[in-house]
Amino acid sequence: MIHWLRGAQATFVFELRRALTWNRFLVAVGLAIFPPVMLNVVVRTAFVSNSRIAADVSQYSEFAMIFLVALVCILSLLLWATPNVQSELEGKTWNFIAVRPGARVASYLGKYFLAVAISMSVSCTALAGCILVANSYQGLENPLKTLGSLAAIYTMACVVYAAIFSAIGTVFIKRAMVVAAGFVIGVESFLSLVPAVVSKVTMSYHLRSIGLEWIGYFLPYTTELEYNMTFGKPWPVWMHIMCIAIMTIVSLTVGMIVITQRQYVTSDQT
Amino acid sequence: MIELNGVSKLYKTVIGVNDISLSLGTGVYGLLGPNGSGKTTLINLILGQIKPTLGTVRLFGKNPWRRSYLLRRVGLCPALEFSYPRISSLQWVTYLVRMHGFTQHDAAKKAIEALTLVRLDHVMHRPMTEYSLGMRQRAKIAQAIAHDPELLILDEPFNGLDPVGRFEMTALLKQWASDGKSLILASHILHEVEAVDPSFLLIYGGRLMASGSPAEMRRILANSPNTLSIRTNDPSRLAAYLTKEAAIKNLKFLGDDTIEIETLSASSVLQRLPAAAIEEGIEIKEVITSDESLKSLFSTLMKIHRGEIETRVSV
C-alpha cells in the first residue's frame, strides 16, 4: 500500500510536470473562464434588453454556477481521468512503467489524483468567477457560503467521477472517452432524473440532494417541495456523502483490479 | 532463472509464440529472430506482462503473472520508440526508479549513476525530444539498469546507434556480463548479438528453432544456404576454381577484385578457399557473409524442423 502511494506520488509529480505546457494550460484556462464569461455575456444582454433584470441575474447565476460549472468539471475529468491507460499505450510508454513492481496501480492512482486536482482547480476557479460576476450585478445573499457549499459539492463530484472515469479508462482502451461521455449522458443525466429508486444509484442524484440540503436548490426552477414529491423524503447529508465515498472506493478498486489483471499490449508488439 | 514449459500465446487467431520450452540459468543469451518472430511476446511472457494461453512460465522459480514484485530483479529496455515533450532523461529515469519504491533522493542518485554509465550525464537535464535516436536509446538503457537488476532484458538495443554508439553499447553489455549478471539480448541482426558472445536462442514464427553456443550457431550457419563476398587478387580464376570444386548456385563479379557467391552450403565454399590459395596461388584478401545470413539460417532451420534437411547439429 505504501509502495503504491509512493509510486502514485511519483506519477502525480511526473504527470503534473508533463502537464505544464502552454497548450494544456490554455485548455484549463479556457474551461475555467467559460462559465463566468458566458454568465457575463448573458447578463449584459439582459441588461441591454432591460427585461426582468433582477430575476434574470439570479436565474442565470444559478444556471451558470450549477449547469455550466458542472459541464466544465465533467469535460475536464473526461480529458484527464479517462485516458489513463490509453495515453501510455498510444505513447508507447506503457512497457516502461508496467515492468516495475506495483507500478500499474501506482500509475493508475497517481493519474487519478492528478485528474481530481486539476478538475477541482478548474471547477472551483470557474465557480469563483461565476460568483464574482453574479455578485457584481446583483449582490448574492451569502456569496461565501454559496462558494464554500458549491466548491465542496464540485470537489466530491471530481473525486467520484474521476474514479468512475478512471475505471472506464482501464476497461475501454480505444473509446474510453466516448463511453465515459455516454455514461454521463445516459446514467448521470437521464437516469438520475427518473423518479424511481433507480435514480439513487447515480452520483448526480446524491450530489443534487446535498445541494438541495445545503443551499436550498440545485436544479434551477426546482423547489424543495417539487423535488421531494418526485424523489421522496431526502436522506441526511452524511448518507449521500457515504454513497459517494462507497462509489469512489468501488470504482477505484474495480479499476485497480482490471489494470493489474489485464494484458495490455501496444499495437506494434508481436 | 527462467523456465518455460510448453508455452504458447495466441492473440485471438494469431500465434505469438508456439510451444516453447526452455530453461535458462544465469548467463548471457542472444534471442535472435527476424522482425515479427515472437521475441517481444516471449519477453512479455517472461516478465508476466501477458499470460500464456498454454504452458507455464517461471521467473526466479515463480509464476511472474500477478507477481510484480519479481520485477524488482529485472530491467527491461523495450524496443518501442516514445517521446515525452519537455521531460529530461534525468526526470524520466528518476521517475521510473521511484516506481521501485526508492525515495526521490535515492532515485535521483541512481538515475544520475545510470545516465553517467551510458554517457548521457552531460545532456541529462536537456529535454529528451532534443536527443538523437542513439541518445534516446542510451536513456532507455539507463532506465533499465538504474535500479541495479540481476537480469537485464534488452529488445533491439542497437537500434539507431552509430558505430561508436554500438561499440560503446557492446562494451557496456560485456562489462555487465563480466560482473556476473544475466543478460537477454533480443535482436534480428546476428553480428550485433554475436559481439557479446552469448548463448543463442533462435526464434522464428513463434517457435524456438534452435539454441546453442556461438560455435554451434556458426556450424549451422556454415551449412546453410548463404551469400559470400570474397575479395581476391584474381576474381576470374577464383570463380572458375570454385565453380568446379564447390556447390555454387549463383556467381557475380563486383568491381575488379570481388566476387559474390550464392551457395547452398557456405562451408563447402569456405573449405575450398585454402586449397585455392595453395594450389592455384590465388590471394584471398577478405571473406564477408552477407546480412541475409540470418534469413538463410532461419530458412534452413525451418527445413530442418520440417525434416527436409538432415543435420548433425542438435536442434
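Is strand 10 (residues 226-232) of chain B buried or exposed, and how many of its seven residues are buried? Hold that thought while you get your bearings.

You're looking at a predicted model, where local features need pLDDT of at least 70, side-chain atom pairs count only at pLDDT 80 or more, and totals for chains, interfaces and linings use all residues. Residues are numbered from 1 along each chain as its sequence is written, while chains are lettered from A and ligands numbered from 1 in the order in which they are written.

**Stop 1: strand 10 of chain B.** Select 226-232. Five of the seven residues are buried, so strand 10 of chain B is largely enclosed by the rest of the structure. (Buried takes 20 or more other C-beta atoms within 10 Å of a residue's own, exposed 12 or fewer, and partly exposed is in between, with C-beta atoms placed from the backbone. (Pairing takes at least two bridges found by DSSP.) Click B:Ile230 and you'll find its bridge partner in strand 12, B:Ile259.

**Stop 2: the domains of chain B.** Colour 2-212 as domain 1 and 221-306 as domain 2; these bounds come from an automatic or database domain assignment. Over C-alpha atoms, the two centres are 36 Å apart.

**Stop 3: the six-stranded sheet.** Still in chain B, pick out the open sheet with strand order 5-6-7-3-8-9 and mixed pairing. Its edges are strand 5 (74-77) and strand 9 (207-212), each pairing on one side only. On average, neighbouring strands here are turned by 15° against each other, direction ignored. Zoom in on strand 3 (residues 28-32) and strand 8 (residues 199-204) of chain B: they run parallel, joined by four bridges. One to click is B:Tyr29, whose bridge partner in strand 8 is B:Ser199.

Next, show the helices on the sheet. Helix 4 (residues 133-145) of chain B packs against it, touching strand 5 and strand 6 (151-155), and its direction makes about 165° with that of strand 5. Helix 5 (residues 163-178) of chain B lies across strand 3, strand 6 and strand 7 (182-187), at about 145° to strand 7. (Angles run from 0 to 180 degrees between N-to-C directions, with axes fitted to C-alpha atoms, for helices over the stretch in contact; contact means C-beta atoms, placed from the backbone, within 7 Å.)

**Stop 4: chain A.** Of its 270 residues, 44% count as buried.

**Stop 5: where A meets B.** The contact takes 27 residues from chain A and 32 from chain B. On the chain A side, helix 1 (2-19), helix 5 (94-98) and helix 6 (103-137) each supply at least two residues. Helix 1 of chain A gives the most, with seven residues.

**Stop 6: the cores.** The largest nonpolar core has 141 residues, and A:Val69, A:Leu77, A:Ala162 and B:Val93 have the most contacts inside it. (Such a core is a set of buried Ala, Val, Leu, Ile, Met, Phe, Trp, Tyr and Cys residues joined through C-beta atoms within 7 Å.) Helix 6 of chain A contributes the largest share of this core, 20 residues. Apart from this core lies another, of ten residues, among them B:Ile230, B:Leu238, B:Val269 and B:Ile282.

Technical notes. Contact = placed C-beta atoms within 7 Å.
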